[in-house]
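Open the model in your viewer and keep the sequence panel beside it. The stops below say what to select next and what is there.

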Amino acid sequence: MSAKTRLRANETAIDLPPPGDATLRFVGRIRTPFKTRADCPRQGRQDGPECRLELDPVWEPALHGIEGYETLEVLYWLHESRRDLVTQSPRDDGRTTGTFALRSPVRPNPIGTSMVRFVRREGPVVVVRGLDCLDGTPLLDIKPNRCQYTPQVPPKPVD
């Protein structure tokens with residue numbers, strides 16, 4: 001049995017029809033040094049390694065003004081996660097917790113979020129610290145930290 005289909009003690013899964021009730025648009029890919037789930041830190045650290053949010057070039061204008069924020073929220077699709085568990089034993093210690101009470105990547109809609117520290121922008125690429133996802137993870141969105149919504153540096157007007 002593969003790791004994607006194996007249940008730990010006390011975990012339960014449900015049978016699901018194929019997803020089809022929403023469409024997401026990936027805006028790019030995330031580049032990290034983490035090649036396997038075992039390599040990923042349990043939570044990202046803002047002093048962690050530099051990672052790259054590589055946006056498709058068509059989205060480059062959407063980055064205008066991002067340099068004014070110190071902290072960004074990154075949303076990404078956990079493409080290698082299973083989606084059918086309703087209870088989990090994340091530490092494989094026999095304790096069971098409901099999926100919605102965990103930050104586990106195993107979710108009905110495996111959307112991950114990380115609060116990251118902005119390092120720099122290189123055209124359609126945003127360099128950050130604080131991610132905890134696999135290299136090649138599909139990027140869904142980037143948002144300013146809601147607590148810092150007023151930018152530190154106002155953006156220059158678009159020409």
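**Stop 1: Leu53**

Select Leu53, which has its place in strand E3 (residues 50-55). Helices (H or I, at least four residues) and strands (E, at least two) are DSSP runs, numbered from the N terminus. This is a predicted model, in which local features need pLDDT of at least 70 and side-chain atom pairs count only at pLDDT 80 or more, while totals for chains, interfaces and linings use all residues. Residues are numbered from 1 along each chain as its sequence is written, and side-chain values use heavy atoms, with hydrogens and water left out.

Is Leu53 buried or exposed? Leu53 is buried, its relative accessible area being 0%. Buried means under 20% relative accessible area, exposed over 50%, and partly exposed in between (1.4 Å probe, protein chains only).

Now show the residues in contact with Leu53, contact meaning heavy atoms within 4.5 Å. Leaving aside neighbours within four places in sequence, these are Arg29, Ile30, Val74, Pro124, Val125, Val126, Val128, Leu131, Leu139 and Ile142. Then put a distance label between the C-alpha atoms of Leu53 and Arg121: the two are 9.4 Å apart in space and 68 residues apart in sequence.

**Stop 2: the barrel**

Switch to a cartoon and colour E2, E3, E8, E7, E4 and E9. In that order, E2-E3-E8-E7-E4-E9, the 6 strands make a closed barrel with antiparallel pairing. From one strand to the next the twist averages 45 degrees. Axes here are lines fitted to C-alpha atoms, for helices over the stretch in contact, and angles run from 0 to 180 degrees between N-to-C directions. Two strands pair if DSSP finds at least two bridges between them.

- Strand E4 (residues 71-77) and strand E7 (residues 111-122) run antiparallel and are joined by 7 bridges. Select Trp77, which stands opposite Ile111 in E7.
- E4 also pairs with E9, in the antiparallel sense, over 5 bridges. Select Glu73, with Lys143 of E9 opposite.
- Strand E2 (residues 28-31) pairs with strand E9 (residues 137-144) over 3 bridges, again antiparallel. Gly28 has Leu139 as its bridge partner in E9.

**Stop 3: salt bridges**

Side chains of opposite charge can pair when their charged atoms come close. A salt bridge is counted for a side-chain nitrogen of Lys or Arg within 4 Å of a carboxyl oxygen of Asp or Glu. By this rule the count comes to 13 salt bridges.

Select Lys35 and Asp135, which form a salt bridge with their closest N and O atoms 3.2 Å apart. Lys35 lies in the loop between E2 and E3, and Asp135 in the loop between strand E8 (125-129) and E9, so the pair ties together parts that are 100 residues apart in sequence. Lys35 is exposed at 57% relative accessible area, whereas Asp135 is partly exposed at 26%.

Next select Glu50 and Arg120, whose side chains meet in a salt bridge (3.1 Å, N to O). Because Glu50 lies in strand E3 and Arg120 in strand E7, the pair ties together parts that are 70 residues apart in sequence. Glu50 is partly exposed, at 35% relative accessible area, and Arg120 is partly exposed at 32%.

Then select Glu67 and Arg121, a salt bridge with the closest N and O atoms 3.3 Å apart. Glu67 is in the loop between E3 and E4 and Arg121 in strand E7, so this pair ties together parts that are 54 residues apart in sequence. Both count as partly exposed, Glu67 at 41% and Arg121 at 26%.

Finally, display Arg31, Lys35, Glu50, Arg52, Glu54, Arg120, Glu122, Arg129 and Asp135 together: salt bridges that share partners join these residues into one network.

**Stop 4: the open sheet**

Move to E1, E5 and E6. These 3 strands form an open sheet in the order E1-E5-E6, with antiparallel pairing. E1 and strand E6 (97-98) stand at the edges with a single partner strand each, so one side of each is left without a neighbour in the sheet. Strand E5 (residues 85-88) is joined to E6 by 2 bridges, the two running antiparallel. Select Gln88 to find Thr97 of E6 opposite.
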